[in-house]
Amino acid sequence: MEKETTPFFHLQYSEETTADLRGRQSVRTTFKLSERSIDALSILAGQLGIKQKSLFDHLIEDTQALRAIASEFADFSRSSHRIAKTYVVSRRTLQNLERISEQFNAPRDALVEYSIERILPLLVREKEKHGRRKLLLEDLRDYLHRGTELLERAEQDLGQDDPMFIEILNMMRTVGNCCRNLEHCVVKGTKIENF
């Protein structure tokens with residue numbers, strides 16, 4: 001009796017694909033950065049809901065921007081107070097950073113810090129949005145309060161069995177849940193207030 005064979009798909013990876021996968025591998029590296037840069041990276045990642053690694057990789061993988069920073073490199077005073085901080089980045093990001101650092105004779109830490117400086121306008125915009133969120137949340141709380149008063153009035157005038165009371169009750173439960181979710185969102189963004 002002859003054995004039946006099942007087709008087997010051979011997945012072949014080229015050297016290019018393998019190199020790309022290795023480039024995505026996470027590695028740890030330490031930089032000495034100003035407290036402002038460390039905070040900016042952390043706060044913005046939190047505000048945008050992304051990992052610091054993703055933001056870091058995005059900043060450093062921009063070879064054109066790194067070269068512009070390195071070619072206009074000014075004094076990066078090592079005497080200024082900087083904090084050693086370890087980050088997880090992709091292998092490709094680290095290799096890109098080291099290549100440009102060597103090519104332009106610019107310190108890695110300086111390239112990283114100036115790259116982070118590029119995101120500060122985005123951080124300012126997020127801070128402004130946070131302020132507007134807080135104002136809208138106050139309006140929502142006022143809306144919730146007025147809705148609660150309306151619900152109480154519907155209960156007194158119509159009773160708990162009335163379809164209008166039931167619909168207003170359901171609506172106010174939804175608004176209450178929404179308000180709690182948005183309060184959480186605003187609380188999460190409070191780190192940006194002191195930046």
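Modeller: A crossing is right-handed if the near helix is turned clockwise from the far one by less than a right angle, left-handed if anticlockwise. This is a predicted model, where local features need pLDDT of at least 70 and side-chain atom pairs 80 or more, while totals for chains, interfaces and linings use all residues. Numbering starts from 1 along each chain, and side-chain values use heavy atoms, without hydrogens or water.

Biologist: What makes H4 roughly perpendicular to H6?

Modeller: The axes of H4 (residues 63–71) and H6 (residues 108–117) come within 10 Å and cross at roughly 115 degrees. Roughly perpendicular covers 65 to 115 degrees (under 35 is roughly parallel, over 145 roughly antiparallel, the rest oblique), so H4 counts as roughly perpendicular to H6. H4 passes H6 in a right-handed crossing.

Biologist: Which residues make the contact?

Modeller: Leu66, Ile69 and Ala70 of H4, with Leu111, Tyr114 and Ser115 of H6; contact means heavy atoms within 4.5 Å. They split into 5 nonpolar, 1 polar and no charged.

Biologist: Why is serine 37 called buried?

Modeller: Its relative accessibility is 1%, and buried means under 20% (exposed is over 50%, partly exposed in between, with a 1.4 Å probe and protein chains only), so serine 37 is buried. Serine 37 sits in H2 (residues 35–48) and touches Glu113, Ile116 and Glu117, leaving out residues up to four places away in sequence.

Biologist: How many residues has the largest nonpolar core?

Modeller: 29, with Leu41, Phe56, Tyr87, Leu111, Val112 and Ile116 having the most contacts inside it. A core joins buried nonpolar residues through side-chain atoms within 4.5 Å. H2 gives the largest share of this core, 6 residues.

Technical notes:
Helices (H or I, at least four residues) and strands (E, at least two) are DSSP runs, numbered from the N terminus. Axes are lines fitted to C-alpha atoms, for helices over the stretch in contact, and angles run from 0 to 180 degrees between N-to-C directions. Ala, Val, Leu, Ile, Met, Phe, Trp, Tyr, Cys and Pro count as nonpolar, Asp, Glu, Lys and Arg as charged, and the others, Gly among them, as polar.
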